Amino acid sequence: MRALITGAAHGLGRALTEELLEQGHEVLAVDRDTEPLDDLAVKSRGACSVQLVDLANPNSLERMLVGLWEQKFDLVILNAGISASGKFEDIPSAAYAKLIAVNLQAPLVLASGLVRRGAMNNKSKIVFISSLSHAVGYPGASVYAATKDAIATYAKSVRKPFRKHGVGVLTVFPGPIQTDHADRYAPPGAKASRRMEPEVLAKLILKASTGKTSELYPGLTAYFGKLYGRFAPQMATKSMRKAIYEKLEDPVY
Amino acid sequence: MAKNEPRQHTILITGATDGIGLLLARAYAERGHRILATGRRMIADDMAYFGLPNITYIRADQSDPKQAAQRIATAMYNLGWKQLDLAVLNGATGWTGDPAAETPDEIRKQIDINLTAPILLSQALGPWLFVNGGKLALIGSTAIVKGQGAFATYAATKAGLDGFARSLRSEWQDRAEVMIIHPGPTRTGMHKKVGLNLGAAKAFFMSPKRAAKAIQRAIRKGDGKRFVTRGYGWGSIFASAKEGQL
Ligand SMILES: NC(=O)c1ccc[n+]([C@@H]2O[C@H](COP(=O)([O-])OP(=O)(O)OC[C@H]3O[C@@H](n4cnc5c(N)ncnc54)[C@H](OP(=O)(O)O)[C@@H]3O)[C@@H](O)[C@H]2O)c1
């Protein structure tokens, strides 16, 4: 099997790449910072190739798509994502433009581009990473929440049309993950122990990607978060406000 | 609350040159409010186009979100507005077809116009809205509920607005009233603009007049989230506001 992972250098993307290589698959690992991937490329003896792409840059993205024309994938995980946490009005508009470019524009352009160019094998799968914020809201990261809701609905929308091209779609709604991303954006004092290990999450995602599941809320936090959000949406957002917004210090973007 | 007393309100409506936005601008203007209407077209004579003296139009093309937000802020400043009582962020565009055929440019354009522009505009409007607890109404679409195979990016941008509104409503709860209103299928020119011929399906669509009326009702009530379905449209027939009310 041949896979494409975006945001492969760190966190969940790295765990996904390592796990796939472990299972004996080939991976094209994409990131804007490829140095941390060099050891994997060497160790895997060619199974892991690395490509430098800046997803915030439309030209870089387009160059990548054009360069992929003769490759075929069985699994694509559009994992790269950034955040901006802080009061909505405290973050500069340029940071929002970049957030939307990386979290929303890039995955849409890649997904439709890969399918259009025939770069997806028959019975292949595209995995979108949304967030548990889809269920509970996210005061203190309202534009991040916007991108993650948008991704979830895009995935839902393309499920049928992509199936006609032989491509399945899986959307993942992870809760907090124990990665640098979470450390960077979480309010001070947030408990790291409640976050899911990226290696554990990577295994759950890869398992789900081989099955018929179309939406994955991985682990107990995500499962209960989804229920909370479904049955008491306003209360869920209030809890998020208490846990995050009211503890915010300086904005991070 | 003081803000419900009949008086002349200051109202911003984006995408006010056609469809629901145009009807909203006229309806509020008829009740005596002052309207700043925006859109992407050039309009030479505001009075001839809108038919009412209290509507000022400026061109603010949302495909450049930052510039659109700046132009609108400048226009409010030039009008001498000290506060904003209501902003209806309604301007939007779409694309229809197999999502695999949607080009990067089409995707980017819809995200800029439908999502980034309202977000940057909300940020610019904050200080004006906070003066008197104004309302910020974002216009979504019922397409977000199940997704839309033929309008994938459009549906995504509207879901983005939903997620944005939900979180921002909580963030701004003591300063401004943020809401998201999701209209159902409405018989405006929007479908034709994106090359979609509705044919007989049109019969099942709401009339734009009814949709505009229902949206005004939802704005008055201030529900955090409202789906303007045909049922809610019918329910809004007698929900008329008086002179000076929103
Ligand atoms: N009609 C429906 O079935 C339906 C259903 C659900 C939600 N909605 C939503 O309701 C709102 C109003 O839609 P509508 O049906 O009234 O559509 P419409 O008649 O096409 O009106 C849309 C307005 O947005 C303006 N606009 C388009 N692109 C723009 C840009 N780049 N910069 C600034 N303004 C721009 C249009 O200007 P021009 O006149 O120059 O085109 C027009 O004034 C939209 O947010 C739409 O997504 C509509």
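Author: Start with A:Asp39 and A:Arg14, whose side chains meet in a salt bridge, 3.2 Å from N to O. This is a predicted model, so take that distance as a computed one. A:Asp39 sits in helix α2 (residues 38-43) of chain A and A:Arg14 in helix α1 (residues 11-22) of chain A, so the pair links parts that are 25 residues apart in sequence.

Now look at A:Glu26 and A:Arg2, another salt bridge, at 3.0 Å from N to O. Here the link runs between strands: A:Glu26 belongs to strand β2 (residues 26-31) of chain A and A:Arg2 to strand β1 (residues 2-6) of chain A, so parts 24 residues apart in sequence get tied together. A:Glu26 is partly exposed, with a relative accessible area of 40%, and A:Arg2 counts as buried at 18%.

Over in chain B, B:Arg108 pairs with B:Asp105, and their closest N and O atoms are 3.3 Å apart. Both lie in helix α4 (residues 104-130) of chain B, three residues apart, which is about one turn of the helix. B:Arg108 is buried at 14% relative accessibility, whereas B:Asp105 is exposed at 54%. There's also a network in which salt bridges with shared partners join A:Asp149, B:Asp162, B:Arg166 and B:Lys225. Over all chains, the structure holds 16 salt bridges.

Among the residues making the contact are A:Leu104, A:Pro107 and A:Ala111 of α4(A), and A:Ile151, A:Tyr154 and A:Phe162 of α6(A). By type, the residues of this contact divide into 14 nonpolar, three polar and one charged.

The largest nonpolar core has 95 residues, and A:Ile126, A:Phe128 and A:Phe162 have the most contacts inside it. α4(A) gives the most to this core, with 13 residues. If you click on A:Phe128 and skip its neighbours within four places in sequence, you'll find it in contact with residues including A:Pro107, A:Ala111, A:Ile151 and A:Tyr154. A second, separate core of 32 residues includes B:Leu86, B:Met179, B:Ile219 and B:Leu246.

Technical notes:
Residues numbered from 1 in each chain as written. Chains lettered and ligands numbered in written order. Predicted model: local features only at pLDDT ≥ 70, side-chain atom pairs only at ≥ 80, totals over all residues. Heavy atoms only, no water. Contact = heavy atoms within 4.5 Å. Helix = DSSP H or I, 4+ residues; strand = E, 2+ residues; numbered from the N terminus. Nonpolar A, V, L, I, M, F, W, Y, C, P; charged D, E, K, R; others polar. Core = buried A, V, L, I, M, F, W, Y, C linked by side-chain atoms within 4.5 Å. Buried < 20%, exposed > 50% of the residue type's maximum accessible area, 1.4 Å probe, protein only. Salt bridge = Lys/Arg side-chain N within 4 Å of Asp/Glu carboxyl O.
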